[in-house]
Amino acid sequence: LASSVEDYYSLVCPQVLALLRLPSKGVGRSFLRVATETMASMYSQQELLSRKYLICPLIGPLRWLAGDCPVDAKEVDGLELQTCLSGLCKIVGVLEPTSALLGGAILPYLPIVFEAFKAAFICHLSGTTENLQLCEGLLGQLLRPLNKVTILSFFEFILHISFTSPIGRRKSEGAPQSNSEISLSFKRMKVEYCLSLGTDGTWSVRTRESEETNLKEDNKVVEMERTADCVVRLLLSELKSCEVAGDLLISCLRHLSIRLSRNTKYNMEGGGGGGENIQPG
């Protein structure tokens, strides 16, 4: 028997999370609803304990890939990542994605989910679409309820677009905080980790070799093209109703003009011979 509230949570939460691993069809659907409603109830009563024993274990693989786990934490494998993504999909299918249980805890790790989406996008070219639909649907369900400024900031973060000041973020747009403040809440996957998806639908999480972390220029271009392809796919499918594509295009053009301006200034000051290479911004 539990001798304290924390003991109770430490005993019950693993059982609740275990229900998320059951198939979500037939009787499993009923167990899923029980699990999500229990999670919401427990969260409303003990937010800190719920984060510790429910949310952190659930999104553990995402936190590990972002480097937010202790140094001695166990490495995450592909099966755990699959369980994490599937569990999140099941939860958002029952609970409102904007609920306190999901929003604040998962929002910072959306870029990690995007990395999984990108790996699934690459794999789908070989004919495997199940995980692509899972990741794409999850991103759509989590992003759609957010305000337009936050969605735009997410894509700017993904595309490595940054401004020294929140240009274009007028109060009339209803921005809750500046572009830079929103971006700071997002987490990137650590560069030494790499996600891939086999043609059999099995995830693989590996650590890059030291020489792989320093991507060659050609590889960087290919990587950015894949990222852009995935962004466009999301904008034209899951997020079409959000109408952020035009704003993102303007943001990209603004960022490009700033980079070109800096490059021109750099060359005029004798820092470079030509104007074709854009210096890091």
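Student: Are F157 and F186 buried or exposed?

Tutor: This is a predicted model, in which local features need pLDDT of at least 70 and side-chain atom pairs count only at pLDDT 80 or more, while totals for chains, interfaces and linings use all residues. Residues are numbered from 1 along each chain as its sequence is written, and side-chain values use heavy atoms, with hydrogens and water left out.

Both F157 and F186 are buried (under 20% relative accessible area, with exposed over 50% and partly exposed in between; 1.4 Å probe, protein chains only). Rings of Phe, Tyr and Trp (its six-membered ring) pair if their centres lie within 6.5 Å; planes under 30 degrees apart count as stacked, over 60 as edge-to-face and the rest as tilted. By this rule there are 7 aromatic pairs. In one of them, the ring centres of F154 and F155 are 5.3 Å apart and the planes stand at 65°, so this pair is edge-to-face. F154 has a relative accessible area of 0% and is buried; F155, at 0% as well, is also buried. F157 and F186 make a tilted pair, with 5.5 Å from centre to centre and 50° between the planes. F157 belongs to helix α9 (residues 148-158), whereas F186 is in the loop between α10 (179-184) and β1 (193-197), so their pair ties together parts 29 residues apart in sequence. Here helices (H or I, at least four residues) and strands (E, at least two) are DSSP runs, numbered from the N terminus.

One aromatic cluster is formed by F114, F117, F154, F155, F157 and F186.
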